[in-house]
Amino acid sequence: MERIVTLDEFIIKTQQDFPGSSGSLTRILRDIGIAAKIVNREVNMAGLVNILGRADSSNASGEDVQKLDIFANEVMIDCLKNGGECAGVASEELENVIAFDPVEGQTAEYLVLMDPLDGSSNIDVNVSVGTIFGIYKRESDTNKKVAEKEFLQRGSALVAAGYVLYGTSTILVYTTGNGVNGFTLDPSIGEFCLSHRNMKMPASGNYYSVNQGYYLKFDLEMRRYIDHCSDLNLRLRYIGSMVSDIHRIMFQGGIFLYPNTRKYPAGKLRLVYEGNPMSFIVEQAGGKALNTKLERILDVEVKELHQRTTIIMGSSDMVNDLQEFVERYSAINS
Ligand code: AHG
Ligand code: MN
Ligand code: MN
């Protein structure tokens, strides 16, 4: 029988592949692993404890009930704050960044940007949700408190990114730019165990994933591409949690779309919390990630923290195909 490799063992082992590395990134990944286990516990208990529902609701004893995405946000921040390697965090749940106070004897070299709970509307109905994170190295003086502008780095500068899917089982998938690996949580020992080494996305697949309810709100080229998917008898799957939808595509191949709509002319999903980390993972698995202007998402300039992006992401051949539709039909449209 092959010996189990835990997430902690794996990240320490792969750190040895980078001689001279300080180990800070390793510790941040380990802290995120701990946070993921705590969030997982609460997600699994969601039907039992009074954590469901809106943040402003109260439980029977009149105490404030936290919404699960606020809980996940706080757990992630707490786990990152105490280590001393992370200088600050930016979160989909927070308007402004949080700059951590320096921990004595530690150099906080890294920044974490995250969507603590992705697909949170699924939680009340027992459907999969996720966590997304991206890690950057600080560009400026690590002795100073971090400023918001330091978080506005292009996706191509990511040093690591990952997601956790709280699904039928819980899996943490991450990359440090050297391939993608997946770790499934074994609840009996409370450890993430290496289950998917060097994940590769198929170059094509039978799935497309888009909120087809917005079909009439999409541009002509997107509508034509969706018609094409339907002509090919591709299977439509849309969970409403990007992590879950992309995770299927990581294994089975396919394409995920969140184009501009009338309501969201720049797209709905957030560039730094969702678009960039997921693009880094998808590319590392051999896939492609563009916006509807056909720009590589990872190359897009980040002007503000909560900037939105359109998304075309998935199997390389399918993204290339879609690119042809955009080039052909947007010319007709203009
Ligand atoms: P979040 O729960 O973090 O706000 O993210 C939900 C996102 C994304 O995961 C999903 O793909 C998309 O919103 C669903 O949006 P629609 O309901 O508009 O399809
Ligand atoms: Mn999200
Ligand atoms: Mn969220």
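**Two manganese ions and a few surface details**

Okay, let's start in the metal site: Asp 115 bridges the manganese ion (ligand 2) and the manganese ion (ligand 3), and those two lie 3.8 Å apart. Before I go on, this is a predicted model, where local features need pLDDT of at least 70, side-chain atom pairs count only at pLDDT 80 or more, and totals for chains, interfaces and linings use all residues. Residues are numbered from 1 along each chain as its sequence is written, chains are lettered from A and ligands numbered from 1 in the order in which they are written, and side-chain values use heavy atoms, with hydrogens and water left out.

So, ligand 2. Its protein donors are Asp 115 (OD), Asp 118 (OD) and Glu 274 (OE), at 1.8 to 2.2 Å. By donors I mean N, O and S atoms within 2.8 Å of the metal (3.2 Å for Na, K and Ca); water is not among the atoms, so sites may look incomplete. Along the sequence the spacing reads D-x2-D-x155-E. That brings distant parts of the chain together: Asp 118 sits in strand β3 and Glu 274 in helix α6 (residues 271–284), 156 residues apart. Helices (H or I, at least four residues) and strands (E, at least two) are DSSP runs, numbered from the N terminus. Asp 118 and Glu 274 are both buried, where buried means under 20% relative accessible area, exposed over 50%, and partly exposed in between (1.4 Å probe, protein chains only).

Now ligand 3. Glu 92 (OE), Asp 115 (OD) and Leu 117 (O) coordinate this manganese ion at 2.2 Å. Here the pattern is E-x22-D-x1-L. Glu 92 comes from the loop between β1 (86–91) and β2 (98–99), while Asp 115 is in strand β3 (residues 110–118), 23 residues away. And how covered are they? Asp 115 counts as buried because its relative accessibility is 0%; Glu 92, at 22%, counts as partly exposed.

Next, the backbone. Most residues other than glycine have a negative phi. Asn 126 isn't a glycine, yet its phi is positive, about 65 degrees. You'll find Asn 126 in the loop between β3 and β4 (129–137), and it is exposed, with a relative accessible area of 77%. Asn 198, also not a glycine, has a positive phi of about 50 degrees. Asn 198 is in the loop between β8 (191–196) and β9 (207–209) and, at 43% relative accessibility, counts as partly exposed.

Last stop, helix α7 (residues 316–333), where Asp 317 lies. Asp 317 is partly exposed, since its relative accessibility is 43%.
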